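Subject: Structure for your review

Dear colleague,

Please find below the structure that I am handing over to you.

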Amino acid sequence: MEKTKEKSRVLVIGATGRVGHYLTRFSIQSGHPTFALIRNSTFSDPSKSANLESLSSAGVTLLKGSLDDEASLEEAVTKVDVVISAIPSKHVLDQTLLINVIKRTPSIKRFIPAEYGADPDKTQVSDLDHGFYSKKSEIRRLIESSNIPYTYICCGLFMRILLPSLVQPGLQSPPVDKVTVFGDGNVKAVFVNEVDAAAFTIKTIDDPRTLNKTLYLRPSGNVCSMNDLVEMWEGKIEKKLVKTFVTESQLLEKIKETPYPDDMEMVFIYSVFIKGHHTYFEIDESCGGVNGTELYPDVKYMTVSEFLDTLL
């Protein structure tokens, strides 16, 4: 009888964050022996104890260590086959030491760096984003030059970003009278719920089709223009909204006069709804791209319409 292939052992870095928590959960549910690298300070933080307890009781092995402690990284990385990073975007360059450790660990079959957004190599917003995307590209180049097997995960925007306000900067909930539309309102963006992005990510771990590839998520029902979003919302509240259009130059002017980090919400709007950085290109396998919803049609995901229902 053919021996069942053993599931890869997985290390998640950033497991106490939102995305990291989902990744560890799906990893365990999928039968992967799962480890989480946890900082010493997190172990002694009372506000994190419930989170750590839930990871531990789910079967996750908690390891003490941090991204600036080489010895702890070496110890953790040698226990596993796959490393997944889910640290916040502002800390992506902190993965440098980890990459050096992985490079020296031949047992690592795959590294998934912290991305889970727009493809940084296909996003050109000049110097508006304070290095948000160029730092992610820098990490990619380091992975590739180190000959580390990888998968990059690109899922557009998480639904909790921009969508709760229907892309209205400064608002906490969707408008009920008037709405601002950026550009002509026809450029399409991609929205994915965090828990779904994690589910697709775990699917890639032992899949040769995603090795050294970029996995793009463009789920049906979740590729929407601003006009699509407004029309969808109008249907749900049974009321027409008064539209005001903001041009590219007006938005750029507003970005330039808004200090960091308050300007980043508008930078994302500019990138996504004016420049179309999520959807201006085809997913091309010959250029290293694969379509997540086509590879894994069994993954159930939340649609934009279902998310908007939660805001009613």
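E194 counts as buried, with a relative accessibility of 4%; the cut-off for that class is under 20%. Please bear in mind throughout that the model is predicted. The partner of E194 in a salt bridge is R18, and the closest N and O atoms of the two are 3.5 Å apart. Because E194 belongs to helix 7 (residues 194-204) and R18 to helix 1 (residues 18-29), the pair ties together parts that are 176 residues apart in sequence. R18, for its part, is partly exposed, at a relative accessible area of 48%.

This contact is one of the 17 salt bridges that the structure holds. Two others may be of interest to you.

A salt bridge also joins D228 and K188, with 2.6 Å between the closest N and O atoms. Here distant parts of the chain are linked: D228 sits in helix 8 (residues 226-237) and K188 in strand 9 (residues 188-192), 40 residues apart. D228 is partly exposed, its relative accessible area being 24%, and K188 is likewise partly exposed, at 34%.

In the next pair, D298 forms a salt bridge with K203, where the closest N and O atoms are 2.7 Å apart. Elsewhere, salt bridges with shared partners join E115, D119, D121, R140, R141 and E144 into one network.

Which residues lie closest to the centre of the largest pocket? The largest pocket has a volume of about 1,400 Å³, and of the 49 residues lining this pocket, A86, I87, P88, S89 and K90 are the closest to its centre. Two or more lining residues come from each of these elements: helix 1, strand 2 (34-38), helix 6 (132-145), strand 7 (157-158) and helix 10 (264-274). By type, the lining of the largest pocket comprises 22 nonpolar, 14 polar and 13 charged residues.

With kind regards

Notes
Residues numbered from 1 in each chain as written. Predicted model: local features only at pLDDT ≥ 70, side-chain atom pairs only at ≥ 80, totals over all residues. Heavy atoms only, no water. Salt bridge = Lys/Arg side-chain N within 4 Å of Asp/Glu carboxyl O. Helix = DSSP H or I, 4+ residues; strand = E, 2+ residues; numbered from the N terminus. Buried < 20%, exposed > 50% of the residue type's maximum accessible area, 1.4 Å probe, protein only. 1 Å grid on protein atoms, 1.4 Å probe; cavity = no way out; pocket = protein on both sides within 12 Å on 5 of 7 lines; lining within 4 Å. Points joined across faces, edges and corners; volume = space filled by probe spheres on them. Nonpolar A, V, L, I, M, F, W, Y, C, P; charged D, E, K, R; others polar.
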